[in-house]
Amino acid sequence: MNRLTFSLLATDGAARRGEIVTGHGTIQTPVFMPVGTLASVKSLTTDQLQQLGPEIILNNTYHLMLRPGVDLVERLGGVHRFMNWDRAVLSDSGGFQVFSLASIRKVREEGVEFRSHIDGSAHFLSPEASIDIQQRMGVDIAMAFDECPGYGIAHAEVERSMELTHRWARRSLAARSGSPALFGIVQGGIHHDLRKRSAEEIGALDFEGVAIGGASVGEPKEEMLDVMRFTAPLLPADKPRYLMGVGTPEDLLDGVAAGIDMFDCVMPTRNARNGSLFTSYGKVAIKNARYAGDQRPLDPNCSCMTCRTVSRAYLRHLYVTGEIAAMVYNTIHNVWFYLDLMRGIRQSIASNSLQAFRDAFLSRVVSGEVDADDKEPPIE
RNA sequence: GGAGAGUUGGCUGAGCGGUCAAAAGCAGCAGACUGUAAAUCUGCCGGGCCACGCCCUACGGAGGUUCGAAUCCUCCACUCUCCA
């Protein structure tokens, strides 16, 4: 069964320019995947999302199993039909919720007992259960069920957790019977010896792709980058490499340079809802008083709907007054910004100029200036 | 005309002798957010300073009682409620 094909089109140093073919279209890599936990990229309609053009989005097994439940999603024709989305979908296995909802779960060899964060009801997730749900939802790429240890945990315990993840990886593979591609997840915390072992073990299994999990779980940025740079080259070269849950625009540039092909992160969408906007000249807190009378577009270098049609002053007004449109405009911009950044990255790899692209990007961000006239204070 | 209630920091509104530069909420100002329990959370929010402390000005106005007053008393100003 040809569940997924990955082809390498070009390289630039360790960076890879590739293409993933799924049952729901082709994905150009390196790719950023917007997060749509509950079968929705928060604040956007599917039509609005489609216009932004992502080739793949995420959803989440844990959250969808609780609401609306996998039976219903299956009966309604799967997630694609459910949300009227015809591009690819990757589902997280629920492994991350083992970490983020740690206070209401119990991990055993067999699987994890959760208490629903919604109504306290008991639920069980195992490799088999997670894969079953992901298959029935009809996603294109499923993730193995893993355990994601937090930061600051002793080596021995991380090792034990990693070994559990490895056993679960094999069980996940064995449980997969349907059409979705399945990615394994490398764990091992910040420890090189564990990451190496995990990369070798997971890399040797018959997955269609390999992910680095357990990043950005509270560790200092340098640790995260170190783990990523150490682990990425240890992953199979002929499979997509996915760095889970990362990250900032700078992280994406670093990740691509280290040879990562896929990223996902809630940052563009969550930050958008919280009024934190990514621009070519750095982060903008749109609620700041300085934008009250600023008639300029958010980012003059951006061609998203938001930047084409409304001013910073209007965006600030919408945010400050709590208008729903603020979240829509902001999310459209941030998602577009991330997708556009990835477009630029892909082009630069193809033309062997990733380093120059990265330097140019970072220098603009550091200077904080849009253009020459940004040195003047905005209109008050 | 009579009886009563009230006036607190930008707003609403606690406090009713010291532990009060004064609760709380809102507004305001800033920050955070990395496989989403997040349209969330955090900090600041009278002024000044050689700031984990000190000084000044403050609870309608003026005066008084007291070691000490936003808190008690007197007068004044204004607001509101009820009865005529």
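User: In which loop is the place of Gly247?

Analyst: This is a predicted model, in which local features need pLDDT of at least 70, side-chain atom pairs count only at pLDDT 80 or more, and totals for chains, interfaces and linings use all residues. Residues are numbered from 1 along each chain as its sequence is written, while chains are lettered from A and ligands numbered from 1 in the order in which they are written. Helices (H or I, at least four residues) and strands (E, at least two) are DSSP runs, numbered from the N terminus. On that numbering, Gly247 belongs to the loop between strand 13 and helix 10 (249-257).

User: What is omega for the peptide bond that joins Val246 and Gly247?

Analyst: Most residues other than glycine have a negative phi, and most peptide bonds are trans. The bond joining Val246 and Gly247 is cis. Its omega is about 5°.

User: Where does Pro68 lie, and what is omega for the bond from Arg67 to Pro68?

Analyst: Pro68 is placed in the loop between helix 2 (61-66) and helix 3 (70-75). The peptide bond from Arg67 to Pro68 is cis, and its omega is near 10°.

User: What phi has Ala39, and where is Ala39 placed?

Analyst: The place of Ala39 is the loop between strand 4 and helix 1 (46-52). Ala39 is not a glycine, yet its phi is positive, at about 60°.

User: In what order do the 8 strands of the open sheet stand?

Analyst: Strands of a sheet pair through backbone hydrogen bonds, either parallel or antiparallel. Two strands count as paired if DSSP finds at least two bridges between them. In this open sheet the pairing is parallel, and the order is 4-14-13-12-11-10-6-5.

User: Why is one side of strand 4 and of strand 5 left without a neighbour in the sheet?

Analyst: Strand 4 (31-34) and strand 5 stand at the edges, so one side of each lacks a neighbour in the sheet. The reason is that each has a single partner strand.

User: What is the bridge partner of Gly18 in strand 3?

Analyst: Strand 2 (residues 15-22) and strand 3 run antiparallel and are joined by 5 bridges. The bridge partner of Gly18 in strand 3 is Thr29.

User: At what angle do the axes of helix 13 and helix 14 cross?

Analyst: Axes are lines fitted to C-alpha atoms, for helices over the stretch in contact, and angles run from 0 to 180 degrees between N-to-C directions. The axes of helix 13 (residues 312-320) and helix 14 (residues 324-350) come within 7 Å. They cross at roughly 130°.

User: Which residues in helix 14 meet Leu315, Leu318 and Tyr319 in helix 13?

Analyst: Residues are in contact if their C-beta atoms, placed from the backbone, lie within 7 Å. For the three residues of helix 13, the partners in helix 14 are Ala325, Ala326 and Tyr329.

User: Are helix 7 and helix 8 roughly parallel or roughly antiparallel?

Analyst: The axes of helix 7 (residues 155-175) and helix 8 (residues 192-204) come within 11 Å and cross at roughly 5°. Angles under 35 degrees count as roughly parallel, over 145 as roughly antiparallel, 65 to 115 as roughly perpendicular and the rest as oblique. Helix 7 and helix 8 are therefore roughly parallel.

User: Which residues are closest to RNA strand B?

Analyst: A residue is near a molecule or strand if its C-beta atom, placed from the backbone, lies within 6 Å of it. RNA strand B is surrounded by 47 residues. The closest are Cys148, Ser216, Gly245, Gly247 and Ser276.

Note on methods. Contact = placed C-beta atoms within 7 Å.
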